[in-house]
Amino acid sequence: MELLIVLAIIAMGFGVMVVSFGDRSDEMTLSRIAHSIRTELYSARLEAIQSGQAITFGLNLETCAFTSRAKAGEFDCPEDLVLRQLNEGSEPSLSVWHVTYFEDGTSIAPELNLALGESALHLKFNWITGLIQLEANAS
């Protein structure tokens, strides 16, 4: 009888761990995608500074495909990833998100939300420096 109780406790512990790891997996996937986007954005910023010309980076919010002047590709996004561009008033807009970097490193960009399961990240831009902050937020 005691053995059954011990086995039941162990099974409940494994059940809790599986749920916990599932949430953590979404957070890790979201973080990986956000860092990949940020890396490509920094690359576009550097290209604008080095070339002395404005560079526009475009990200298709439905397919995760991106383009800049000399580069195109696609991020490895799961099907249930939600990308949402925010304008003033936090209203979603358009299916392509554009970031423009100028030759001095400054930028113009609306904010971007990334959500996967219960996890969400928010990309915010400092338009003066062109640098990006990642903030966790509730989905």
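Residues 24 or more positions apart account for 53% of the contacts in the chain with a separation of 6 or more. The model is predicted. The chain has one helix and nine strands. Buried residues make up 31% of its 139 residues.

**Overall layout**
- Along the sequence, the elements follow the pattern α-β-β-β-β-β-β-β-β-β.
- Helix α1 covers residues 2-51.
- The accessible surface of the chain is about 8,600 Å². Carbon and sulfur atoms hold 59% of that surface.

**The five-stranded sheet**
- Five strands form an open sheet in the order β3-β2-β1-β5-β6. The pairing is antiparallel.
- Strands β3 (72-74) and β6 (107-108) are the edges, and each pairs on one side only.
- Strand β2 spans residues 65-67 and pairs with β3 over three bridges, in the antiparallel sense.
- F66 stands opposite G73, a residue of β3.

**The nonpolar core**
- In soluble globular proteins, nonpolar side chains tend to be buried together.
- The largest nonpolar core of this chain has 26 residues. The members that touch the most other members are I37, L41, F57, L59, W97, L114 and L123.
- At least two core residues come from each of α1, β1 (55-60), β5 (96-101), β7 (111-116) and β8 (119-125).
- Helix α1 gives the largest share of this core, seven residues.
- I37 contacts L59, F75, W97, L114 and L123, leaving aside its neighbours within four places in sequence.

**T29 on the helix**
- T29 is another residue of helix α1.
- T29 counts as buried because its relative accessibility is 19%, and the cut-off for buried is under 20%.
- Not counting residues up to four places away in sequence, T29 touches P78 and L116.

**Salt bridges**
- The count of salt bridges is three.
- E40 forms a salt bridge with K71, and the closest N and O atoms are 3.1 Å apart. This pair links distant parts of the chain: E40 is in helix α1, while K71 is in the loop between β2 and β3, 31 residues apart.
- E40 has 15% relative accessibility, so E40 counts as buried. K71 has a relative accessible area of 38%, so K71 is partly exposed.
- E47 and R69 meet through their side chains in a salt bridge of 3.9 Å, N to O. E47 lies in helix α1 and R69 in the loop between β2 and β3, 22 residues apart.
- R69 counts as partly exposed, because its relative accessibility is 45%.
- K124 and E135 meet in a salt bridge of 4.0 Å, N to O. K124 belongs to strand β8 and E135 to strand β9 (residues 132-136), 11 residues apart.
- K124 is partly exposed because its relative accessibility is 27%. E135 is partly exposed too, with a relative accessible area of 32%.

- M1, L3, L4, I5, V6, L7, I9 and I10 make a nonpolar surface patch of about 850 Å².
- One of these residues, I10, lies in helix α1.
- I10 has 43% relative accessibility, so I10 counts as partly exposed.

Technical notes
Residues numbered from 1 in each chain as written. Predicted model: local features only at pLDDT ≥ 70, side-chain atom pairs only at ≥ 80, totals over all residues. Heavy atoms only, no water. Patch = residues over 30% accessible without salt bridge, like charges linked within 9 Å, V, L, I, M, F, W, Y side chains within 5 Å. Areas by Shrake-Rupley, 256 points an atom, 1.4 Å probe, with all protein chains shown as cover. Helix = DSSP H or I, 4+ residues; strand = E, 2+ residues; numbered from the N terminus. Buried < 20%, exposed > 50% of the residue type's maximum accessible area, 1.4 Å probe, protein only. Contact = heavy atoms within 4.5 Å. Pairing = 2+ DSSP bridges. Core = buried A, V, L, I, M, F, W, Y, C linked by side-chain atoms within 4.5 Å.
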